[in-house]
Amino acid sequence: MDCIYLFSTNQATDKTALSNALNNIIPGVEVFFDSEYSGYFISDSTSFAELNSRLYEIQGELNDRISVLVCHKRDDLSARCLRDALAFFPNQCTFISDILFKQFSFGNFSSLHYLKAQFKELSPELLETVGAYLRCGMDGLGSAKYLNIHRNTFNYRLKEFIRITNLDIRDYHNALLLEIYFQYCK
C-alpha cells in the first residue's frame, strides 16, 4: 500500500534541488510542494528505510534540516504532527505515532482531538473488529474466533476498515496509531 510522505524544512528550500535529491533516492517520485517549506510525495512503504538512511545526505545538499512524516492521509492530524516532526526528529523519517508519543511525553495531548476525528465515522462493528484484531496479535483467524464470526466476515470487515480509513493496520506503525486511539480516545 502506498504511503504519503510529508516533508518539512527549517527554511525556504530550493524546490528543484529537493526534488532531484528525492528522485536520486526514489527514482520517478513526483514531489508536490505546499509551500517553500513543505510538501509531500507518494511512494510505497519500502521507501522508508532508504529515505531515512539518506536524509542527512539531503540535509547536506540543501544546507537545511528536513523531517519526513510517513502517514496514511493528509489531514489535520498529519499537518499538526508534521509541525512537530522537525523539532522532535530533525533529518529523520517518522510516523504519526512517534510524534504523538513525543507530544505525550511533554504533557501535550492536543492532537488527540484530531486522532479521535479519524475514526468518528466508523461503525461500532468495524471498531470492534479492528480492536479484536489488535487484541489477538493481528491474527485474523484468532480474531474471527474471538468475535464468533466467520473468517470471511472478519476479512470483509478488515478490508472495509482499510478502505474507509486508508489505514492498513496490517502494518505495524498503522496498527500502533490505532492502538493509541483505543488507549487514549475510547
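How do the residues lining the largest pocket divide into nonpolar, polar and charged? Seven are nonpolar, six polar and three charged. Here Ala, Val, Leu, Ile, Met, Phe, Trp, Tyr, Cys and Pro count as nonpolar, Asp, Glu, Lys and Arg as charged, and the others, Gly among them, as polar.

Before selecting anything, note that this is a predicted model, where local features need pLDDT of at least 70, side-chain atom pairs count only at pLDDT 80 or more, and totals for chains, interfaces and linings use all residues. Residues are numbered from 1 along each chain as its sequence is written, and side-chain values use heavy atoms, with hydrogens and water left out.

**Stop 1: the largest pocket**

Select Met1, Cys3, Ser45, Asp171 and Asn174; of the 16 lining residues, these lie nearest the pocket's centre. Two or more lining residues come from each of strand 1 (2-9), strand 4 (66-71) and helix 10 (172-185). Strand 1 gives the most, with three. The space amounts to about 210 Å³. A pocket is an open set of points on a 1 Å grid over the protein atoms alone, where a 1.4 Å probe fits, with protein on both sides within 12 Å along at least five of seven lines; lining residues have an atom within 4 Å of a point. The volume is the space filled by probe spheres set on the points. Helices (H or I, at least four residues) and strands (E, at least two) are DSSP runs, numbered from the N terminus.

**Stop 2**

Rings of Phe, Tyr and Trp (its six-membered ring) pair if their centres lie within 6.5 Å, and planes under 30 degrees apart count as stacked. Next, select Phe119, Phe161, Tyr181 and Phe182, which form one aromatic cluster. The whole structure holds 13 aromatic pairs.

**Stop 3: salt bridges**

There are seven in the whole structure. Each is a side-chain nitrogen of Lys or Arg within 4 Å of a carboxyl oxygen of Asp or Glu. Select Arg74 and Asp34, which meet at 2.6 Å, N to O. Arg74 sits in the loop between strand 4 and helix 4 (76-88), and Asp34 in the loop between strand 2 (31-33) and strand 3, so the pair ties together parts 40 residues apart in sequence. Move to Glu179 and Arg135, bridged at 3.0 Å, N to O. Finish on Glu50, Arg54 and Glu57, linked in a salt-bridge network.

Technical notes
Rings of Phe, Tyr and Trp (its six-membered ring) pair if their centres lie within 6.5 Å; planes under 30 degrees apart count as stacked, over 60 as edge-to-face and the rest as tilted.
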